[in-house]
Amino acid sequence: MSKREGMSRVILKAMGIFGGVQVLNILCSLIRNKLVAIWIGPAGVGLFGLFNQALEMLNIATNLGVRNSSVRDISQAVEKRDAALIARIVTVVRRWSLWLGLGGALITMAISPLLSRYTFGDFNHVWQYVAISAAVLFMALTNGEYAVLQGLSKLKKLARVTVTGTIGGLMISIPMFYFWREESVLPSIIAYALCLMVAAFIFKDKEYPTAQVTRHETVMMGAGFIKLGVFMTLGSFVAMLASYIFVAWLNINSGEETVGFYQAGYTLIDKYAGLVFVALGYEFYPRLSRVANSSLRLRVYVSHQINLSFMVLTPCLLAFILLRSHLVWLLYSKEFLVILTYISWGVVGTVLRAMSWCLSFVMLAKGDGKIFLITESLDAVIGLVLNIVCFSLWGVDGLGFAYLAWFTIYTIIVSIVYFNVYHLTLSVKCMRNLAATLLVCVIAVLAMQNGSWILATAIFAIAAPFCLYFAYRYWTH
């Protein structure tokens, strides 16, 4: 077996583990979203979006990037095979997660009046945002354990945490939805965060016991990943802030129902169509971090990741386009069929998102926080402007055009960094596969938009076996 074939097998195994986890997440989300759509309606979906956006934004703002930046430090310690160093870093990560979680909860309580005022236009939701502070603490502690397991490449344990927490959160939420209806939105979000935290502590790594590290040493050792994490936090926070601003703008100018349509479409594109990114990312980022100082290995790893991503993603996206109306009806209700054009062009944008996703990880692997902050800030501003302009011009349909244009521009930005700043290259095969994937997806969308489902089915019938055949070859050789 060649090194490249061995790499493919590792990637596909990781994708198999987390692909299965993401499918389970989708099924749980399917049940949750269906129940919310039926029992609460579009307004309930909109409230879910508003509170979840706030929670994600607060989590990113107060976590200082520990979740992602510490993975790099742990991975590099694993590469050195220094058990004592690994134990010390793991201890530091857990302590910082606790400190940041407590700080994040206090900050959330302090700014709850502002969140209520600028999201809903009044102060009637202050106590709901105060309650979200508990979820902020739970998520910080969970993120610390996630970082440890990912950095140590203990992906099966990480998968168990996600599966257990997700199922537990759903089981607790169902009776809430039924009995409390709209009042269940916030408690169910907090219950989900609590279940994930409990699962994280049940399955946390026990191979490396708590090391004897003083508070001063904790601060000094954590300074490395905190420094990178601050840049990552600022970049991610700008992105989340832009998203939050758009949701709030949409809520004030068009109402909770339109927010529900936007959130439903974005969830389908970002969470469901993009599940491959999550599955591959858990393995790709630590592996890339270990070879960050080798330009040759970086080029090989990135090119290979892009090709394999398109191979797996193409049949998934074509199936999504072909079954789009059935998926919307199944996951939500007939009221949400207005988002079909939105999600169709958004799926085409997902192709470019896959390309930019692979390239952007190089910045994190190299610990280049400043460049990451610049690219993410530009990306956030561009996305916000495109969403507002395209929605104003074409309504909900325009959000799909905005998504496609957004990731076209972002791919150009990260490509400039990859080629001109790091002086790295990609294989010709990457560009050929990008063009082919974009072409078949665009043709499939145009066919479905014009009612030619036979042509879209034919494209899927030809492309899917072709991609799966090469994936199978990588797996068996």
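Okay, quick definition to start: two residues are in contact when they have heavy atoms within 4.5 Å of each other. With that in hand, look at the protein: among its contacts with a separation of 6 or more, 84% are between residues 24 or more positions apart.

Before I go on, a word on what we're looking at. This is a predicted model, where local features need pLDDT of at least 70 and side-chain atom pairs count only at pLDDT 80 or more, while totals for chains, interfaces and linings use all residues. Residues are numbered from 1 along each chain as its sequence is written, and side-chain values use heavy atoms, with hydrogens and water left out.

So, what is the secondary structure here? It's 17 helices and zero strands, where helices (H or I, at least four residues) and strands (E, at least two) are DSSP runs numbered from the N terminus. The radius of gyration, taken over C-alpha atoms, is set against a globule rule of 2.2 Å times the number of residues to the power 0.38. For these 477 residues the rule gives 23 Å and the protein has 22 Å, so it is as compact as a globular protein of that length. Along the principal axes, the C-alpha atoms fill a box of roughly 65 × 55 × 40 Å.

Now, burial. We call a residue buried under 20% relative accessible area, exposed over 50%, and partly exposed in between (1.4 Å probe, protein chains only). By that count, 57% of the 477 residues are buried.

Last stop, the backbone. Most residues other than glycine have a negative phi. Leu-64 isn't a glycine, yet its phi is positive, about 55°. You'll find Leu-64 in the loop between α2 (42-63) and α3 (66-80), and at 24% relative accessibility it's partly exposed.

His-423 also has a positive phi, about 55°. Where is His-423? In the loop between α15 and α16 (428-449), and it's exposed at 59%. Helix α15 itself, residues 396-421, reaches 37 Å from its first C-alpha to its last, close to the 38 Å expected at 1.5 Å a residue; that expected span is 1.5 Å times one less than the number of residues.
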